[in-house]
Amino acid sequence: MRINVVGSGYVGTTLAASLADLRHEVTAIDIDDGVAAALNDGRAPIHEPGLGDLVAEHAGDRLRATTSYADVPEADLTFLAIQTPSHEDGSIDTDALCAAAEMTGEVLAGGTDRHLVVVKSTVTPPSLPEVSDALATGLGEPLAGDGGDRVAFGANPEFLREGTAVSDFREPDKLVFGTTVDWADELLDGVYAPLLAEHDAPVVRTDPATAMMIKYANNAFLAAKVSLINDLGNVCKAFDIDTYEVAEAIGLDDRIGERFLRSGLGWGGSCFPKDTNALIAAAEREGYSPAMLHAAADVNDRQPARLVDLLEAKVDLDGAQIAVLGLAFKPGTDDVRNSRSIPVIEALRERGATVVAYDPVAIENMRERFLDLEYADSAADALAGADGAAIVTDWDEFAALNSEFDAMAEPIVVDGRRVVEPREGLNYDGLTW
């Protein structure tokens, strides 16, 4: 099939390259000339395991990039993968997505062939009509299901995790198709047919609004689960009990399961914080305040300060040099959006500490947030001479650290991810264990 993907961020680039790998002809459309040029040169604009290889393999063949919408009508369908950033109140900003939808409608106007426009971006159900209305405005005629029959609107939310996005695409837990007409459903069947031939995943067929609610409910449930185990972890810490031993036992209950029971600093990134806050804001606009979601966000927001409190109990932070290991919000990515390292660094500096930070891949992205921060070239360099260390991201290389701690002025480590193995001579403490 011929497919357009509008937007080349984490979702769009992964989607475009993965669809090309399914032998579709894919055109990536992005407003950034540099991003389009990188894709055409076979370079992924983001760090994601396996993605660079896919882009390099298919660029110039089944994957090409452009800044023009001119060829949109030649394709069978168009995915919109535009970011929907948060307003200060947590609600999402759909302006860029609506602009892309309207431009897509404009280039489809006056045609005769059927075309499906699918929202891949995460959009709250009450905001979804803004996007379909923008598409209809550009098109200048009703959408299929609303009196028209040529251009259909749908939703196909993604459930990709940064750091494992390529493998998550190839082996999904489920596919969710939100459509309003049968032929739109059939087109999505065609898109994913090569994948489903190799990996038998359930397909959920529903309307666009319900499809998006499934996405939000999915992330809200996972975020709440992490916050609950962190809250229980804080209780266990007060009782001098190892939370991980407790979590291993409760994870054996098939009603709970073992996944997402790693207590620690909490969740960050682009999905959980944004989606939880957006769902809260959308619900409150309808007159309902979701107490559980508020509590999940509140517990998550408190964890970084608890780590700094534990460190301050061991080190006088005023004038101390503290190594912060890990800047990405999770291993396997260079994404620092809502990373737990940000409030940790801010709290340390507020208490008078000098921070030396290290991450294998995320330093350049963090420079945009903390230009004046000292960045080390390695974990060993960050630890050398430090009065204390905070482990923020669970990169494998931090688990291998050993003699590097001996180069610290004081071998004091507070671990936010249960990465470091305690040993003799190391003044070690865990956040929830």
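**Exercise 1. Work out the strand order of the open sheet of 6 strands, and state which strands stand at its edges.**

Solution. Strands here are DSSP runs of E with at least two residues, helices are runs of H or I with at least four residues, and both are numbered from the N terminus. Two strands pair if DSSP finds at least two bridges between them. Read across the open sheet, the order is β11-β10-β9-β12-β13-β14, with parallel pairing. The edges are taken by β11 (374-375) and β14 (427-430), and because each has a single partner strand, one side of each is left without a neighbour in the sheet. For β14, the pairing with strand β13 (residues 412-415) is parallel and runs over 4 bridges, and within it Val414 has Asp429 of β14 as its bridge partner.

The model is predicted, so local features need pLDDT of at least 70 and side-chain atom pairs count only at pLDDT 80 or more, while totals for chains, interfaces and linings use all residues. Residues are numbered from 1 along each chain as its sequence is written, and side-chain values use heavy atoms, with hydrogens and water left out.

**Exercise 2. Describe the surroundings of strand β9 (residues 321-325), and trace the chain from β9 to β10.**

Solution. Begin with burial, where buried means under 20% relative accessible area, exposed over 50%, and partly exposed in between (1.4 Å probe, protein chains only). Because 4 of the 5 residues of β9 are buried, this strand is largely enclosed by the rest of the structure. Next, follow the chain, which passes from β9 through helix α12 (residues 341-350) to β10 in a right-handed β-α-β crossover; right-handed means that, with the strands pointing away from the viewer, the path from the first strand over the helix to the second runs clockwise. Then take the partners: β9 pairs in the parallel sense with strand β10 (residues 354-358) over 5 bridges, and also in the parallel sense with strand β12 (residues 388-391) over 4 bridges. Val324 stands opposite Ala357 in β10, and its bridge partner in β12 is Ala390.

**Exercise 3. Locate Thr122, decide whether Thr122 is buried or exposed, and list its contacts.**

Solution. Thr122 lies in the loop between β5 (115-119) and α5 (128-139). Its relative accessibility is 9%, and therefore Thr122 counts as buried. With contact taken as heavy atoms within 4.5 Å, and residues up to four places away in sequence not counted, Thr122 touches Thr84, Ile92, Glu158, Met212, Lys215, Tyr216, Lys274 and Asp275.
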